[in-house]
Amino acid sequence: MPFELIDLPFASDALAPAISAETLSFHHGKHHKTYVDKTNAAIEGTDMASDDLETLIGKVRGSNQGLFNNSAQIWNHGFYWYSLCDDGCTPSGDLAAKIDEAFGSLDALKEKLAGAGAGHFASGWVWLAEKGGKLSVEETHDADTLADGDMNPLLVIDLWEHAYYLDHQNARPAYLDAVIAKLNWDFAAENLARGSTWKYPG
Ligand code: MN
């Protein structure tokens, strides 16, 4: 079954000025859509056409870089949209306790995300992830993903220039500060409570 371009889980102007509707029109409507279209074209008529996205990503990792890049980017972007909050989300409960345990405080975690994102060379992703009940900040390069590994991703931030250039130009730290204030801690708490990797809808 072909993969779908999932709808944004918020209004396209809900995150401005951190992320504008114009950025989302390109980032979701063009970039994410292209990853979906290229992946669907590559798997049509093959025995991979019935795989779920996470299985496909694991199957082509290390063997088909082009299809890995496109399929991983479908997943990464879906996860990124859900990682953003339009309504003042804050961590609570077990998530808040695990953040304190791993980083000392929520502010310290935010600083670590901002530092990792600003220091990341070129394109990629910075993640909050969980393994064995312990939280950590992780980075992946280009299209690489935590979708098919043994870590449970809780949140992700897109570090590609297309994520921020229209709104913040070359100032990645300004984008990071703005987007870290818009993280969806409810989504992170759901992922932590499930204890297994989020699945791309469809
Ligand atoms: Mn992107």
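**Figure 1. Asparagine 191 and its neighbours.** In this predicted model, asparagine 191 touches Phe79, Asn152, Pro153, Leu154, Ser196 and Trp198, leaving aside residues up to four places away in sequence. You will find asparagine 191 in helix α8. Is asparagine 191 buried or exposed? With a relative accessibility of 0%, asparagine 191 counts as buried, because buried means under 20% relative accessible area.

**Figure 2. The buried residues of helix α8.** Let us now look at the rest of this helix. Helix α8 covers residues 185-194, and its buried residues are Trp185, Phe187, Ala188, Asn191 and Leu192. Why do these residues sit on the same side of α8? They cover an arc of only 155° around the axis, and that places them on the same side of the helix. What do the buried residues of α8 pack against? Their partners are the helices α3 (65-82), α4 (93-103) and α5 (106-119), together with β1 (124-131), β2 (134-141) and β3 (152-158).

**Figure 3. The two ends of α8.** At the start of α8, look for asparagine 184: one of its side-chain oxygens reaches to within 3.1 Å of the backbone nitrogen of aspartate 186. Then follow the chain to the other end. Glycine 195 comes after α8, and the phi of this glycine is positive, near 75°.

**Figure 4. Helices α4 and α8 packed together.** The axes of α4 and α8 are 9 Å apart, and the two helices pack at an angle of about 90°. The pair is therefore roughly perpendicular. Which residues make the contact? On the α4 side they are Asp94, Leu95, Lys98 and Ile99, and on the α8 side they are Trp185, Ala188, Ala189 and Leu192.

**Figure 5. Helices α4 and α5 crossing.** The crossing of α4 and α5 is left-handed. To trace the meeting place, find Ile99, Asp100 and Phe103 in α4, which meet Leu106, Ala108, Leu109 and Lys112 in α5.

**Figure 6. Helices α2 and α3 side by side.** Helix α2 covers residues 53-60, and its axis comes within 9 Å of the axis of α3, with a crossing angle of roughly 150°. The contact is made by Leu53, Glu54, Leu56, Ile57 and Val60 of α2, together with Leu67, Phe68, Ser71, Ala72, Ile74 and Trp75 of α3. As for handedness, α2 passes α3 in a left-handed crossing.

**Figure 7. Glutamine 73 in helix α3.** Staying with α3, this view picks out glutamine 73, which lies in that helix. Glutamine 73 has a relative accessible area of 1%, so this residue is buried. Its side chain is joined to the side chain of asparagine 76 by a polar contact of 3.2 Å. Which residues does glutamine 73 touch, not counting those up to four places away in sequence? They are His32, Tyr35, Trp125, Asp142, Ala143 and Trp160.

**Figure 8. Two loop residues with positive phi.** Aspartate 142 has a positive phi of about 55°, although it is not a glycine. You can find aspartate 142 in the loop between β2 and β3. Its relative accessible area is 44%, so aspartate 142 is partly exposed. Alanine 122 is not a glycine either, and has a positive phi of about 65°. This alanine sits in the loop between α5 and β1. With a relative accessible area of 42%, alanine 122 is partly exposed.

**Figure 9. The segment before α1.** Two places in this part of the chain deserve a close-up. What kind of peptide bond leads from alanine 16 to proline 17? That bond is cis, with omega near 5°, and proline 17 is found in the segment before α1 (21-43). Aspartate 7 is also in the segment before α1. At 64% relative accessibility, aspartate 7 counts as exposed. Aspartate 7 and glycine 29 are 22 residues apart in sequence, and the distance between them in space is 9.6 Å, C-alpha to C-alpha.

Terms used: Residues are numbered from 1 along each chain as its sequence is written. This is a predicted model: local features need pLDDT of at least 70, side-chain atom pairs count only at pLDDT 80 or more; totals for chains, interfaces and linings use all residues. Side-chain values use heavy atoms; hydrogens and water are left out. Buried means under 20% relative accessible area, exposed over 50%, partly exposed in between (1.4 Å probe, protein chains only). Helices (H or I, at least four residues) and strands (E, at least two) are DSSP runs, numbered from the N terminus. The arc is that of the directions from the helix axis to the C-beta atoms. Contact means heavy atoms within 4.5 Å. A polar contact is a pair of N or O atoms within 3.5 Å; within protein, one must be able to donate a hydrogen and the other to accept it, and residues adjacent in sequence count only if both atoms are side-chain atoms. Axes are lines fitted to C-alpha atoms, for helices over the stretch in contact, and angles run from 0 to 180 degrees between N-to-C directions. A crossing is left-handed if the near helix is turned anticlockwise from the far one by less than a right angle, and right-handed if clockwise. Angles under 35 degrees count as roughly parallel, over 145 as roughly antiparallel, 65 to 115 as roughly perpendicular and the rest as oblique.
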